[in-house]
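Trainee: Could you show me how to read a few features of a protein model, one at a time?
Mentor: Gladly; let us look at it together and take each feature in turn.

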Amino acid sequence: MDYDVIIGLEIHTELKTKSKMFCSCANLADGAAPNTNVCPICLGHPGTLPAVNEQALKDGLLLGLALNCKINQVTKFDRKNYFYPDLPKGYQISQYDLPIAYGGYLTVGAKRDIGIIRIHLEEDTGKLVHDKAGHSLVDFNRAGTPLIEMVTEPVIASAAEAKKFCQRFQQILRYLHISDANMEKGQMRCEANVSLQAKDGWEYVDKQIKPLGRNELNNKVEVKNINSFRSLEKAINYEIERQSAMLDKKEAIPAETRGWNDTTNKTVSQRLKETAADYRYFPEPDIPPLIISQALLDSVAAVATEMPQAKVERLMQEYGLNEYDAEQLTADKALSAYAEEVFSELKAWIEAQGDDWQRQEHKLMKLAVNWLESELLKHLNLNRQTIKDIKITPENFAELISLLAAGKINSSAGQIILNQMYQIGGDPSDIMAKLNLEQSDNADELEKIVAQVLADNPDQAEAYRAGKTALLKFFVGKIMAASEGKANPQLIPELIDKINKSLNKKYGKK
Ligand SMILES: [Zn+2]
């Protein structure tokens, strides 16, 4: 049977503030020896007072604005009570009914807006370590790390769409510099709520799924322990298949939390949710409600940068990039800034060249895109570097593209020059002159070389004249070698034809 797939996501993100959420301990969960990065506040000693981390508050506002949310200008913290050995206070300070931001959306792909229910601030727990001897050890270094929780509306319709959402969300966290959002390190943790409902058996009411008529809704299943985008997609697809097989057999889906296992590629039941957990939320008595002033909100809004989707659309519009290329070049904020500088340099160069070139702007941008994506990124990937490590300025990169476009160098010379620029930096025109790589457009000189190559390879020349055009590649190779790479390959076919015609005349052929 066919069902509607309904997915909602909950994403927890560790913020990279200097200090923890409510104390002045360094926010460095990894690397330090266990239980060295702690204080009476994050250990929950009686009589201690938490104080809200201002940067974490600003980060929450920034994310809320970036995701088109409304801001609760009166917000507060609440205690979420539960017992677990990694939770030193016996409660977590979180936000309940007045989250910092609510009611936003994130655009994924072409014009698909995924609703955001809420964004709130809270603190992370410690970590349990289970050793081989069967002991459980607890490390509180992570306790009190600032966390942002984001909850989407249950409107995601496939595993692929959920993955796209998480990728875009990660990109935004990085654009805003509020988290490194590394999933393997647990800095960004995605949980998916997956349910399958009978077609025409449900409707959305107040952003929630409600049954239609006498239909009863199937339970949703929460999937955890997902540490990569690949796992997220696989785990959701596994759940869709598992649940639909059960529904086909008229079995009820238990409401439960399941963990994804990357080795078996299956989800495994972790606990049943027979009743909604009662966390006995109440307002945190040690932290008064926060009033977010308009001045604070304005100052945060002022640093909000252009979000990836907007950048994709602008690159398409201003520089004529296609969507795929625009997405590739905005994957990373620094790369997108670099690429844009290259494009704008090139645009200025084109304008200086006059009308003929302006008609070719689109072609030139594509040339720049190709050299950025294949040549420059190849160097970076090989050396495990990012665009920030690079010695090539955007101006010099744009100049390299203009040399290629103007036919002053061919692409193999371009690669040699780029490699030099990559290794030691420098101006591409200078490198071109120093290495004597300027392409020869001197037709007389080139014609001599072509004639010589044809004369040196009489059998191939004869076959070519008889119509074996595939030999062109052979000749181009020979001629490029003979010219030490300086011949303009685009001129070669024409020159061969010219020489052949004169030979035909000489031998009286048509
Ligand atoms: Zn502390």
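Trainee: Which residue follows helix 9, and what is its phi?
Mentor: Keep in mind that this is a predicted model. Helix 9 is followed by R384, and the phi of R384 is positive, near 50°.

Trainee: Which residues of helix 9 are buried, and what covers them?
Mentor: Among the buried ones are L364, M365, W371, L372 and H379, and the cover over the buried residues of this helix includes helix 5 (308–319), helix 7 (333–353) and helix 11 (411–424).

Trainee: Which atoms coordinate the zinc ion, and what is their arrangement?
Mentor: Ideal angles for four tetrahedral donors at a metal are 109.5 degrees. Here the zinc ion is held by the SG atoms of C23, C25, C39 and C42, at 2.3 to 2.4 Å, and because the 4 donor atoms subtend angles of 101 to 114°, the arrangement is tetrahedral. Along the chain, the donors follow the spacing C-x1-C-x13-C-x2-C, and both C39 and C42 are buried.

Trainee: Where is K207 found, and what is it in contact with beyond its neighbours within four places in sequence?
Mentor: K207 lies in the loop between strand 12 (202–205) and strand 13 (208–211), and, with those neighbours left aside, its contacts are G103, E153 and P154. Although K207 and P154 are 53 residues apart along the chain, their C-alpha atoms are separated by 7.4 Å.

Definitions and conventions. Residues numbered from 1 in each chain as written. Predicted model: local features only at pLDDT ≥ 70, side-chain atom pairs only at ≥ 80, totals over all residues. Heavy atoms only, no water. Donors = N, O, S within 2.8 Å, 3.2 Å for Na, K, Ca; no water. Tetrahedral: all angles 85-135°; square planar, octahedral: opposite > 155°, others 65-115°. Buried < 20%, exposed > 50% of the residue type's maximum accessible area, 1.4 Å probe, protein only. Helix = DSSP H or I, 4+ residues; strand = E, 2+ residues; numbered from the N terminus. Contact = heavy atoms within 4.5 Å.
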